[in-house]
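Please prepare a short briefing on the structure shown here. Group the points by topic and give the cut-offs for the terms used.

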Amino acid sequence: MAPMAAHFSCPLNPIGLPLQMRELPQQGDWDYIPNMPQSKSQRPLSAATLQLLRPLVKILLRNNVPHQTLAEWAKQAYIDVANSDFGIAGKKQTVSRVAILTGLTRKEVQRLLNRPNNAQHADGEEYHRASRVITGWVRDPDFGDGKGHPHPLRMEAKGASFAELVKRYSGDMPARAMLDELLRAGAVKQLKDGRICLLARGYVPQKGSSEKLNILGSDTADLIATIDHNLYEKPAKPRIQRKVMYDNVPVEAAREFQILAAAQSQELLEALDRWLSHRDRDVNPASKGTGRVRVGLGLYHFEERLDKES
C-alpha cells in the first residue's frame with residue numbers, strides 16, 4: 001500500500017508552506033505593496049542584475065568574500081531600502097511591512113534593524129577632502145598662477161603654504177596627515193628644500209586600500225541612482241547618462257583613446273569644478289540660494305579585450 005501524501009488543513013502559499021505557519025502582517029501593512037513583477041518582466045531585470053553582479057563578484061572573490069557574506073549584506077540593504085524608501089505617507093513604517101516587502105521574516109528584519117550601523121564614512125570623507133585640496137591647489141590663484149599651474153608650497157610660510165591650502169579646502173584635517181596621504185597616493189612629492197610639489201591633478205587612493213573600495217561603493221551607487229531616476233521618476237529633464245563605444249578597435253587605437261579621453265575628461269571636470277566651487281557654500285559662503293543638494297558629474301573609461309590572445 002502506497003504511503004499517504006502529507007496533508008495540510010490550511011491553504012498553501014506559493015512556496016509551499018501553510019499560511020498559518022507564516023508570520024502574518026499586522027493590520028494596515030497591506031495599504032501599499034509594490035506590484036510584484038511577473039516572470040516575463042523579470043527576465044530583463046534578471047539579466048541586468050547578473051551582468052551587474054559579475055564584476056562585483058570578481059572584486060569580492062579577490063578579497064576572499066564568500067557568498068554567505070554577500071547574502072547577509074544584501075539582506076541588510078533590502079531592509080534599509082524598504083524601511084527608508086517604501087513607507088506609507090502619514091504612517092510609521094513597521095517591521096511586518098518591511099518583512100512583506102523584502103520576503104524576510106519579521107524576526108530577521110528586527111535582528112538587522114537592531115544591528116548597529118557600522119558603515120564607515122570616514123574613508124569617503126578623506127577621499128573628498130584630498131580631492132578638494134588638489135583641485136583648490138590647481139585653480140586657486142593664491143596657490144598657483146590661476147591658470148591651472150600650481151606652485152610648489154612650503155609646509156608653513158607667510159601667505160601661501162601647504163598648511164593654509166589644507167585649512168582652506170579641507171577644514172580641520174591636520175596638514176601633516178593630508179601630506180602623508182597625498183605622498184602615499186603618489187599625488188605629491190617633497191623636494192630637497194622641503195617644498196611640496198603637486199604631481200597629479202586628481203586624487204586616486206592606493207590600489208587595494210579601503211579608500212579605493214569606498215569609491216567602488218559611492219561612484220557605482222551614484223550611477224545606479226541616476227539610472228533608477230531616469231527609469232522610474234520619469235522626469236521632464238532626465239539626468240545625463242551617456243556613453244560612446246565601438247567594439248572593433250585596434251589595440252594601438254585603444255591606447256591612443258585612453259590618453260585622449262583622459263586629457264579631454266580632465267579638462268571638462270576642471271571646468272565644471274570651477275563652476276560648482278563658486279556655488280558651493282562650504283567653499284564660497286557668499287553663495288546664495290535655498291536648500292542643500294549634492295550634485296556632480298562622473299566619468300569613467302572602460303576597455304575589454306574581445307579577441308583571443310595566444
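The notes below go from the overall layout to the cores, then to single helices and residues.

This is a predicted model, in which local features need pLDDT of at least 70 and side-chain atom pairs count only at pLDDT 80 or more, while totals for chains, interfaces and linings use all residues. Residues are numbered from 1 along each chain as its sequence is written, and side-chain values use heavy atoms, with hydrogens and water left out. The protein has 9 helices and 2 strands; helices (H or I, at least four residues) and strands (E, at least two) are DSSP runs numbered from the N terminus.

**Overall layout**

- Read from the N terminus, the order of elements is α-α-α-α-α-α-α-β-β-α-α.
- Of the 310 residues in the protein, 21% are buried; buried means under 20% relative accessible area, exposed over 50%, and partly exposed in between (1.4 Å probe, protein chains only).
- Among contacts between residues at least 6 apart in sequence, 50% join residues at least 24 apart; contact means heavy atoms within 4.5 Å.

**Nonpolar cores**

- A nonpolar core is a set of buried Ala, Val, Leu, Ile, Met, Phe, Trp, Tyr and Cys residues joined through side-chain atoms within 4.5 Å.
- The largest such core has 23 residues, and the members that touch the most others are Trp137, Phe162, Leu165, Met178, Leu182, Val188 and Ile196.
- At least two residues of this core come from each of α5 (122-139), α6 (162-170), α7 (175-184) and β2 (196-198).
- A second, separate core of 7 residues includes Ile79, Ala82, Val98 and Leu112.

- Phe162 lies in helix α6 and counts as buried because its relative accessibility is 0%.
- Leaving aside neighbours within four places in sequence, Phe162 is in contact with Trp137, Leu153, Arg154, Met155, Ala175, Met178, Leu179, Leu182 and Ile196.
- Phe143 is 19 residues from Phe162 along the chain, and their C-alpha atoms are separated by 8.7 Å.
- Val188 touches Trp137, Leu179, Leu182, Leu183, Ile196, Cys197, Leu198 and Leu199, not counting residues up to four places away in sequence.

**Helix α7**

- The buried residues here are Ala175, Met178, Leu179, Glu181 and Leu182. They sit on the same side of α7, because they cover an arc of only 165° around the axis; the arc is that of the directions from the helix axis to the C-beta atoms.
- Gly186 follows α7 and has a positive phi, near 75°.

- The 19 residues of α2 should span 27 Å at 1.5 Å a residue, and its end C-alpha atoms are 26 Å apart, which agrees. The expected span is 1.5 Å times one less than the number of residues.
- Gln76, Ile79 and Ala82 are the buried residues of α2. They cover an arc of only 140° around the axis, so they lie on the same side of α2.
- His67, Ser84 and Asp85 are exposed on the other side of α2.
- Cover for the buried residues of α2 includes α3 and α4 (106-113).
- In α3, the buried residues are Ser96, Arg97, Val98, Ala99 and Thr102, and what covers them includes α2 and α4.

**Gln93, between α2 and α3**

- Gln93 lies in the loop between α2 (67-85) and α3 (95-102). Gln93 is buried, with a relative accessible area of 17%.
- A polar atom of the Gln93 side chain lies 2.8 Å from the backbone oxygen of Ala82.
- The side chains of Gln93 and Arg97 make a polar contact (3.3 Å). A polar contact is a pair of N or O atoms within 3.5 Å; within protein, one must be able to donate a hydrogen and the other to accept it, and residues adjacent in sequence count only if both atoms are side-chain atoms.
- Not counting residues up to four places away in sequence, Gln93 touches Ala82, Asn83, Phe86, Gly87, Val98 and Leu101.

**Ser277**

- Ser277 lies in helix α9 (residues 251-277) and is buried, with a relative accessible area of 9%.
- Ser277 touches Arg139, Val283 and Asn284, not counting residues up to four places away in sequence.
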